[in-house]
Amino acid sequence: MSALRGAASSRYLSTRMSGMVLDAESGEVLWSHYSYKAKMPASTQKVMTAFTVLRSMNPEEQFVTTTSHSVANPGNVYLTGAGDPSLTATRLKSLALRTATALKAKGARTVNVYVDESVFPAPTGTPGWKASYLRSDVQVVRGLTLAGYRGKDGAAAAGAAFAKYLTAYKVTGVYRGRGATPAETERLADSWSASVRSMVRTMLAYSVNDYAEYLLRHAARAQGMPATARNAIANQVGKLGAAGISTAGYRAYDGSGLSRSNRMPARTLAETVRALYVDPAAREVAFAWSGMPRAGQTGTLRSRFRAKTQVCAKGRVLAKTGTLNDAVSLAGIAQGSDGRDRAFVLLENGLTKASSVRLAMDSVATAVVGCRLG
């Protein structure tokens, strides 16, 4: 690991950067540098989310948004959310078409539209989130929303859009706000999300914040817990402990890594990366071609590892990236030139030249692969 120590001494990395390298097969510590020091992990927090979801849920599960109308009051239509962060306007429009077709077959021409988001508790604030995040990076977790929504109320936006689409399909829809779906209803139509497996892969590949937040809540719900933020983290810590992963110094408040209150020791993250990699079922999801970004090839690493000294690592570093304005991280697997796979973690806080820090981290990861840097 002498080459690794040299790469880690870059002028773009602080002397107190936190890092660790483990032999992926045996778990042997190959290199450790302030690995006990808890730092902001940025989006490498999503590795923890992936681990929790895959230990808590059936990866084939899908989230089904439904429409139904009241048996007692057939003119009342309910758009019932399933906590699906991937519900696009296109899917909602298709759902409206099928709902309108069913309603017209029953002779309905005007209906009241209510939204039901009760699959999740009422949203709460997240410690460490800047107000600006809700305008550009993430949305609060609701039982019904639209994919990528960045306004104040995703459920209301979905309901209003659905009523408009119904009207376009010749059934006048009047949005009436929230309403609990009655016990006595007749199903009209439904819309199925992609599988949890697919969502986890997309979350890792492209660092999708909404997927991370929603999936972590679903993981708690799948374990029989109310899907609150507190329970989501409690479920995560429980799953980590059950797997023998060290949680000393670990503090988490979200699933995406946006929270500036999150703190992660490199050891905790490295052990979690290794746990995902050595479990065949989890590995098939997290480290698939469409999952964890691959150096110079896919996801958020597609445009990295382009320097002459780093191209040797192309396709051999499979790692989650992380960037906040003063936190940069990289965590994943380096497929060694000697045939040994290694789990590695690099966490840097405090420096603001993110592009230079990322470049330096890529050189460290290249050294973990075993490539010559000069």
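# Briefing: cores, a helix pair and selected residues

Leu 346 sits in strand 12 (residues 341-349); helices (H or I, at least four residues) and strands (E, at least two) are DSSP runs numbered from the N terminus. The model is predicted, so local features need pLDDT of at least 70 and side-chain atom pairs count only at pLDDT 80 or more, while totals for chains, interfaces and linings use all residues. Residues are numbered from 1 along each chain as its sequence is written, and side-chain values use heavy atoms, with hydrogens and water left out.

**Leu 346**

- Leu 346 counts as buried because its relative accessibility is 2%; buried means under 20% relative accessible area, exposed over 50%, and partly exposed in between (1.4 Å probe, protein chains only).
- Not counting residues up to four places away in sequence, Leu 346 touches Met 17, Ser 18, Gly 19, Trp 31, Val 328, Ser 329, Leu 330, Met 361 and Val 364, where contact means heavy atoms within 4.5 Å.
- Leu 346 and Ser 35 are 311 residues apart in sequence, and their C-alpha atoms are 9.2 Å apart in space.

**Nonpolar cores**

- The largest nonpolar core has 48 residues, and those with the most contacts inside it are Val 200, Met 203, Leu 215, Leu 269 and Phe 287.
- Helix 9 (residues 266-278) supplies the largest share of this core, 7 residues.
- Another core lies apart from it and has 28 residues, among them Leu 4, Ala 7, Val 21 and Trp 31.
- A nonpolar core is a set of buried Ala, Val, Leu, Ile, Met, Phe, Trp, Tyr and Cys residues joined through side-chain atoms within 4.5 Å.

**Helix 6**

- Helix 6 (residues 196-206) is mostly covered, with 8 of its 11 residues buried.
- These buried residues are Val 196, Arg 197, Met 199, Val 200, Arg 201, Met 203, Leu 204 and Ala 205.
- The cover over them includes helix 2 (45-56), helix 7 (209-222), helix 10 and strand 10.
- Leaving aside neighbours within four places in sequence, Val 200 is in contact with Ala 50, Val 53, Leu 215 and Val 285.
- Ser 207 follows helix 6 and has a positive phi, near 55 degrees.

**Helix 3 against helix 5**

- The axes of helix 3 (residues 89-105) and helix 5 (residues 154-168) come within 9 Å and cross at roughly 50 degrees.
- Axes are lines fitted to C-alpha atoms, for helices over the stretch in contact, and angles run from 0 to 180 degrees between N-to-C directions.
- Helix 3 and helix 5 are therefore oblique to each other, since angles under 35 degrees count as roughly parallel, over 145 as roughly antiparallel, 65 to 115 as roughly perpendicular and the rest as oblique.
- On the helix 3 side the contact is made by Ala 89, Leu 92, Lys 93, Leu 95, Ala 96, Thr 99 and Ala 100, and on the helix 5 side by Ala 158, Ala 161, Phe 162, Tyr 165 and Leu 166.

**Loop residues**

- Lys 170, in the loop between helix 5 and strand 7 (172-178), has a positive phi near 75 degrees and is exposed, with a relative accessible area of 62%.
- Phe 305, in the loop between helix 10 (280-286) and strand 10 (317-324), has a positive phi near 60 degrees but is buried, with a relative accessible area of 2%.
- Most residues other than glycine have a negative phi.
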